[in-house]
Amino acid sequence: MAVAPPMTMQGGAAGLQHQQSVLPRSSYLGLQLASQSGVALPCVKFTSRSGSFNLRCQVSPSSTTLPHFNVDISGPGKPLQSVERTTIRLALPSKGRMAEDSLGLMKDCELSVRKLNPRQYIADISELKNVEVWFQRASDVVRKIKNGDVDMGIVGYDMLREYGEDSEDLIVVHDALQFGQCHLAIGIPNYGIFENVNSLSELAAMSLWTEDRPLRVVTGYTYLGKKFLEKHGFKHVQLSTADGALEAAPAMGTADCILDLVSSGTTLRENNLKEIDGGAVLSSQGVFVANKKALLERKEVLDVAHEMLERFEAHLTASGQFTVVANMRGDSADEVADKILNKTSYPGLQGPTVSPVYTKKGGKTEVAYYAIAICVPKSQLYHAVRQLRKAGGCGVLVSPLTYIFDEETPRYRQLLENLKA
Ligand SMILES: Nc1ncnc2c1ncn2[C@@H]1O[C@H](COP(=O)(O)OP(=O)(O)OP(=O)(O)O)[C@@H](O)[C@H]1O
Ligand SMILES: O=P(O)(O)OC[C@H]1O[C@H](OP(=O)(O)OP(=O)(O)O)[C@H](O)[C@@H]1O
Ligand SMILES: [Mg+2]
């Protein structure tokens, strides 16, 4: 074959963009290559950050001015990333409660997700440059973070465990986003042969289950379900899947029990099903998760994960607290600080802020009170107010807290530890 003169490839290296980010060791792509001569290059060496590899090109039988080549991409070592992304990709659930809650959290953290067109699956975040938001089904959020197509995302922990299949490529950055709280559990009928069955061990011990007549479990969680039932000694089990309304299956006679999410328990109850002791597989809520390799190898990805984590932490920590400001009687700031630290259970973050309150008495300006500012968990507000009053407090003002930024978030420290492991 004649050696071809210099050739230009449409789109250059970026022209290799492909739906799959990881190409198999030898894959054929139909690429339009613009060759000045129409003669194929037998082999072109390509160098990318992930190593060098070869393009072997063959002219298709019908040669035209823009010939169609079959390109064999192969190279030494591991499969190659076809595209080197410079953008940072964040995946958010595209529908349902998780979509609403994730967007709500982003908004509360002053991260404005802007979709240019409501029918598009991509958006940007005005506060985070170079970040692309991709809206995906929850299962795909996990799959795409796992295979590196996306760098990070928000999803339910149940989905992360089911579709992540314990992959080491996934790393949880924030494990408690405080929405989507539920648990994955076995639900069995509260009537018939199950009426007196109240625990997982009782269910496993039922003599009914044989190879020919296994326990039939319907679930959307076959990976977790199989592992869980095997671990708990179930020998004869048949798992089947359905997309929704699993609670109807036992009454229809198509399953003996279900493995599904439970939150308030209403759906189980209204379908004459019950939970059993030992039947909970895992607790779940929204989590912020990332691709481990992307965090380790791309500093810009780690920086964005860090910033988002800080915003989430600051907001979520604050959302459980109130700011309380009170005027305290006392002879000095030290005396008031002493009372707050020793006579109440609410010292504030590092300690109370104490400042003099000036009043006018008989034409003279004097300090009669000291104002203190502390933060108090919402659930303990009334208790705190009672303690402050007892310690000489009056004029107590309470307002919601928006953010608490600490020196460094403990979760970020933990993330760095986990990345080293
Ligand atoms: N009842 C619930 N209460 C709280 N969180 C839930 C509940 N059901 C599901 N979730 C959480 O929401 C995630 C998405 O649930 P699901 O796929 O059922 O979507 P959805 O929001 O219910 O929308 P739809 O079922 O209408 O498609 C689950 O993976 C889980 O983390
Ligand atoms: O304990 P509860 O508060 O009743 O919630 C549990 C129900 O919530 C989820 O269903 P969802 O409402 O998402 O309907 P789906 O089956 O259409 O997903 C889950 O699959 C249960 O059916
Ligand atoms: Mg649902």
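Which element supplies the largest share of the shell around ligand 2?

**Entry 1, conventions.** I note that this is a predicted model, in which local features need pLDDT of at least 70 and side-chain atom pairs count only at pLDDT 80 or more, while totals for chains, interfaces and linings use all residues. Residues are numbered from 1 along each chain as its sequence is written, and chains are lettered from A and ligands numbered from 1 in the order in which they are written.

I looked up the shell first, taking a residue as near a molecule if its C-beta atom, placed from the backbone, lies within 6 Å of it. The largest share, 3 residues, comes from strand S15. Both S15 (257-262) and helix H7 (266-270) supply at least two residues each; I read helices (H or I, at least four residues) and strands (E, at least two) as DSSP runs, numbered from the N terminus. Ligand 2 has around it, among others, Gly244, Glu247, Asp260, Ser263 and Thr267. By class I find 3 nonpolar, 6 polar and 2 charged residues in this shell, where Ala, Val, Leu, Ile, Met, Phe, Trp, Tyr, Cys and Pro count as nonpolar, Asp, Glu, Lys and Arg as charged, and the others, Gly among them, as polar.

**Entry 3, ligand 1.** I then turned to ligand 1, which is surrounded by 14 residues, the closest being Gly96, Arg97, Gly156, Cys182 and Ser263. Helix H1 (96-108) and helix H3 (157-164) each give at least two residues to this shell, and H1, with 3 residues, has the largest share. The classes here are 5 nonpolar, 6 polar and 3 charged. At least three residues come from each of domain 2 (88-180 + 286-317) and domain 3 (182-284), with bounds that come from an automatic or database domain assignment.

I recorded 40 Å between the centres of domain 2 and domain 4, taken over C-alpha atoms; domain 4 spans 321-400. In helix H10 (residues 333-343) I found Val336, Lys339 and Ile340 buried, that is, with 20 or more other C-beta atoms within 10 Å of their own, whereas exposed means 12 or fewer and partly exposed lies in between, all C-beta atoms being placed from the backbone. These three lie on the same side of H10 because they cover an arc of only 95 degrees around the axis, the arc being that of the directions from the helix axis to the C-beta atoms. The face turned away from the buried side carries the exposed residues Asp334 and Asn342.
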